[in-house]
Amino acid sequence: RRWLAWLRSAYPRAEIWTGWSETHLPGISVYPDALAWGRIQGYETLFWLEVGDEHKSRDEIEEITRKRLKSAWKFCQKTAIRLVYAQLSVD
């Protein structure tokens, strides 16, 4: 819920239609921490949030981030959707 509120605050000119937490997208193996769907600058856009884990090492976080960002990018290329990717982390 806070993801949607944050997006609407951070992108006041964007239309944020809906959002989900820990949902599965077809064709990818990762589960994003949160997703939102909307339009920004006239383009349909997927807003993807990942939240870091303070119990993991920096190397583990970097590896996970690379994997998830790659999955997000591939999904958006396949579907011709724009991507806004956000990563929250303690480090």
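Author: Buried means under 20% relative accessible area, exposed over 50%, and partly exposed in between (1.4 Å probe, protein chains only). This is a predicted model, in which local features need pLDDT of at least 70 and side-chain atom pairs count only at pLDDT 80 or more, while totals for chains, interfaces and linings use all residues. Residues are numbered from 1 along each chain as its sequence is written, and side-chain values use heavy atoms, with hydrogens and water left out.

Reader: How many salt bridges does a search of the whole structure find?

Author: A salt bridge is a side-chain nitrogen of Lys or Arg within 4 Å of a carboxyl oxygen of Asp or Glu. With the whole structure searched, the number of salt bridges is three.

Reader: Which strand holds Arg-39, the partner of Glu-15?

Author: Glu-15 and Arg-39 form a salt bridge with closest N and O atoms 3.6 Å apart. Strands (E, at least two residues) and helices (H or I, at least four) are DSSP runs numbered from the N terminus. Glu-15 lies in strand E1, so the pair ties together parts 24 residues apart in sequence, Arg-39 being in strand E2.

Reader: Is Glu-50 buried or exposed?

Author: Glu-50 pairs with Arg-68, their closest N and O atoms being 3.1 Å apart. The pair links strand E3, with Glu-50, to helix H2, with Arg-68. The relative accessibility of Glu-50 is 3%, so this residue counts as buried.

Reader: What separates Glu-62 and Arg-58 in helix H2?

Author: Their salt bridge has its closest N and O atoms 3.4 Å apart. Arg-58 is exposed at 52% relative accessibility, whereas Glu-62 is partly exposed at 34%. Because they are four residues apart in helix H2, the separation is about one helical turn.
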